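I opened a notebook on this chain today. I wanted to look up a handful of positions and write down what I found.

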Amino acid sequence: MIGKFADKRRQRSRPEISSPVSKFGRKLAPEEVNRKDAWHRQSSLLQEFPALTPVELWALGEMNAVHPLDRSVNDAPGNATLHRNVGIELEEQNWRVTDNRGAPVPKGVVLVRRSHFELQAEASGMDSALELVTIAPGVSRADEWLDMKQEMIQLIEELKYAARKSKHGVKTEQLAGGVSGYRIFPPPFREKTPSWNPFLQVTAGIPLASIPHLLRSLHCGQLATVAQPAIYADDKVVEALFPVFKSVDRPSEELVGLAALLAAMLTESAAHGRTTIPFLKGAFSVMPRTSVPHMFMLLPAAERNQLLDNAAAWVEALLHLSGRKSDEPVVRPALHEPGTGMPTIRLTTTCENWLHAMLPKKTGRETVPGVDLLTVEGKLHSLPDQHPSTIASALARDVAVQSATTKDFLPACIPSDTRELALLISQLRELHCAGSLGGLGALHDTVKYAAAEPLPAPVLEIRRPFEKSWTQYTERFLDRIYSAIGDSLAAAASRGTIPPSQR
C-alpha cells in the first residue's frame with residue numbers, strides 16, 4: 001500500500017499546522033500543538049491518507065525510500081496473530097476502589113468506559129487500586145492517541161473534582177460511562193486537590209529485529225531504565241553468538257534481537273542494589289507479553305536447528321553478554337509485597353536452566369516450543385495429572401520461603417489440607433504474576449514490510465519508565481517505538497537481510 005506513495009515526501013514542503021483540531025472537532029490544547037516535527041507531518045498525512053496506521057504514517061513522514069507497511073491481522077484458523085496497536089496503562093496505587101459493601105474489587109473489573117480506554121480495578125496488596133487501560137486493539141493513529149490522552153486527562157480531573165465534593169467516595173455511576181455498584185476513594189492524604197501520580201506502562205508489538213533499536217532508543221532517549229546499550233549492541237551480540245554459528249557469516253536479524261532481549265532481561269533481573277522487589281514482573285523493564293519460547297518458533301528453521309545442536313554455546317553466549325553465572329538465580333532479589341500477608345520468597349531457577357528450558361524441543365519430526373520456568377504455564381507444562389497436590393508441587397518448584405524465625409530460605413512445603421492447598425496454589429500463581437510474563441502465549445502482532453511477507457512482532461511491555469509526567473512521555477514513547485521499527489527494518493533492508501516468510 002505504501003510503495004506507491006513512498007516518494008510523496010520529496011514532493012511536498014514541510015506542512016505547517018495553524019489551527020489544529022481533533023477528529024471530533026475539539027480544539028487541541030496548547031501543549032498538544034507543540035509536537036515534534038514528526039507529529040506535525042503525521043497530522044498532515046492523516047488529512048491526505050486518513051486510513052493509514054501509525055507505522056505507515058511514520059514511514060511516509062520520516063523514511064526515504066523505505067516502506068514499512070500496515071500492522072495486519074490474520075484471523076485464519078491456526079494463525080497466532082494479535083492485532084494490538086500501541087497501548088498504555090496508567091496504574092494509580094494511591095487511589096482505592098470498593099464495591100458498595102466496602103469489599104475489594106477483583107483486578108480487571110471495568111468501572112468506567114470511554115471511547116478509547118477503560119478505568120479498571122487493579123490489585124494492590126489486599127486492596128484494589130485503579131488503572132486506566134487502552135481498549136484493545138489500541139489506538140492506531142496519531143489523532144486517536146491525542147484524543148485518548150485528552151479523554152484520560154478529563155476523567156482524572158472529573159475524579160479529582162468529585163472526590164473533593166464527597167467524603168464517602170465517588171460513586172462510579174456519577175461519572176460519564178460509569179458502571180454502577182462501586183465507590184472510588186482518593187489517597188488518604190490531606191490535600192486540597194487529590195493527587196494522581198500513576199505508574200506508566202506502554203505495550204506494543206515489536207519485530208524481533210527491532211528490539212535492539214528499541215532498547216537503545218529507550219535508554220538514549222532517557223525514557224526507561226533499561227540495561228546499558230553495550231550489552232545488546234548488534235556487534236557485541238553477533239560476536240558473542242559466533243561459537244553458535246561458526247558456519248555462517250551472520251545470525252539473522254531476528255536472532256540478534258531475541259538474544260539482545262534475553263541479555264537485557266538477565267542483566268536487569270540481577271537487580272544490582274535491590275535486595276527485594278514486590279513481584280516477579282518488577283524484575284524487568286521490558287517484559288515479553290508474547291512468551292519467549294514461542295519467539296524461538298519465529299526464527300528460521302535452520303537457526304532453530306543450530307541452536308538445538310549448540311545449546312551449551314548459546315547459553316554461554318547469553319551469560320557472557322549479561323555478565324551472569326550459570327548457577328545463580330535468574331531473579332537475584334527476593335520477592336516481597338508488603339500488605340499481602342505473604343512471606344518473603346526467593347525464586348531459585350538458575351540462569352542456565354531457564355535459558356535451556358526455553359529452547360525449542362524435537363519431538364519426532366516436529367519442533368515444539370520450550371517452556372519458561374519463571375511462568376505458571378511453564379511450570380504446569382506436561383503434568384502427569386491435574387490433582388491439586390501435583391499442581392502445587394509443580395508451582396512450588398524452585399521456590400524458597402523465608403522462615404519467620406531463622407530467616408533462612410527453605411523449600412516450600414505442600415500441605416495435605418484441601419483448603420490450605422488451594423490457598424497455596426492461589427498464592428503461587430499470584431507470586432508468578434500469572435498471565436503477565438509471557439501471558440499472551442504464541443499471540444503476536446505483525447508488521448508488513450514492503451513486498452516481503454508480514455513480519456511477526458512479539459508484544460512487549462515497557463514497565464520501567466523514568467519518574468516523570470506521563471502526559472509528557474506518551475508521545476515520546478510512541479515516536480520512539482515507531483522509529484525503532486522503521487530504523488531497524490531500514491537497516492536490515494540495506495543489508496539485504498529482511499527475511500522472507502519462514503513460518
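**Entry 1: Leu241.** I started with one residue. Is Leu241 buried or exposed? Leu241 counts as buried because its relative accessibility is 1%, under the 20% cut-off. I am working from a predicted model, and I keep that in mind throughout.

I placed Leu241 next. It sits in the loop that runs between helix H8 (234-240) and helix H9 (253-269). Leu241 is in contact with Pro251, Leu255, Ala259, Trp314 and Ala317.

**Entry 2: the whole chain.** I stepped back for the totals. I count 17 helices and 19 strands in the chain. The chain has 503 residues, and 54% of them count as buried. I also looked at how far contacts reach in sequence. Taking contacts between residues at least 6 apart, 69% join residues at least 24 apart.

**Entry 3: Val202.** I wanted a strand residue. Val202 lies in strand E8, residues 199-205. Its relative accessibility is 2%, so I log Val202 as buried.

Which residues does Val202 touch, not counting those up to four places away in sequence? I find Val86, Gly87, Ile88, Leu460, Glu461, Ile462, Phe477 and Ile481. Val202 and Leu460 are 258 residues apart along the chain, and their C-alpha atoms are separated by 8.3 Å.

**Entry 4: Pro186.** Pro186 is in the loop between strand E7 (182-185) and E8. I log Pro186 as partly exposed, because its relative accessibility is 25%. That value falls between the 20% and 50% cut-offs.

Leaving aside neighbours within four places in sequence, I find Pro186 in contact with Asn94, Trp95, Ala163 and Pro194. I also took one distance. Pro186 and Trp196 are 10 residues apart in sequence, and 8.8 Å separates them from C-alpha to C-alpha.

**Entry 5: Arg114.** I looked for a charged side chain in a loop. Arg114 is found between strand E3 (110-113) and strand E4 (117-124). Is Arg114 buried or exposed? Arg114 is buried, because its relative accessible area is 14%.

I followed the side chain. It reaches the backbone oxygen of Ala176 at 2.8 Å. Ala176 is also among the contacts of Arg114 once neighbours within four places in sequence are left aside.

**Entry 6: H15 against H16.** I turned to a helix pair. The axes of helix H15 (residues 388-395) and helix H16 (residues 418-431) come within 10 Å. I get a crossing angle of roughly 35°, and the crossing is left-handed.

Which residues make the contact? From H15 I list Pro388, Ser389, Ile391, Ala392 and Leu395. From H16 I list Leu421, Leu424, Ile425, Leu428 and Arg429. I sorted them by type and got 8 nonpolar, 1 polar and 1 charged.

I then checked burial along H15. Thr390, Ile391, Ala392, Ala394 and Leu395 are buried in this helix. The buried residues of H15 pack against H14, E15 and H16.

**Entry 7: positive phi.** I searched for backbone angles next. Ser382 is not a glycine, but its phi is positive, near 60°. It lies in the loop between helix H14 (376-379) and H15. Ser382 is exposed, because its relative accessible area is 62%.

Lys407 is another non-glycine with positive phi, about 70°. I place Lys407 in the loop between strand E15 (399-402) and strand E16 (409-411).

**Entry 8: cysteines.** How many disulfides does the structure hold? I find 0. Cys351 is buried, because its relative accessibility is 0%. Cys413 is exposed, with a relative accessible area of 65%.

Methods. Residues are numbered from 1 along each chain as its sequence is written. This is a predicted model: local features need pLDDT of at least 70, side-chain atom pairs count only at pLDDT 80 or more; totals for chains, interfaces and linings use all residues. Side-chain values use heavy atoms; hydrogens and water are left out. A disulfide is a pair of cysteine sulfur atoms within 2.5 Å. Buried means under 20% relative accessible area, exposed over 50%, partly exposed in between (1.4 Å probe, protein chains only). Helices (H or I, at least four residues) and strands (E, at least two) are DSSP runs, numbered from the N terminus. A polar contact is a pair of N or O atoms within 3.5 Å; within protein, one must be able to donate a hydrogen and the other to accept it, and residues adjacent in sequence count only if both atoms are side-chain atoms. Contact means heavy atoms within 4.5 Å. Axes are lines fitted to C-alpha atoms, for helices over the stretch in contact, and angles run from 0 to 180 degrees between N-to-C directions. A crossing is left-handed if the near helix is turned anticlockwise from the far one by less than a right angle, and right-handed if clockwise. Ala, Val, Leu, Ile, Met, Phe, Trp, Tyr, Cys and Pro count as nonpolar, Asp, Glu, Lys and Arg as charged, and the others, Gly among them, as polar.
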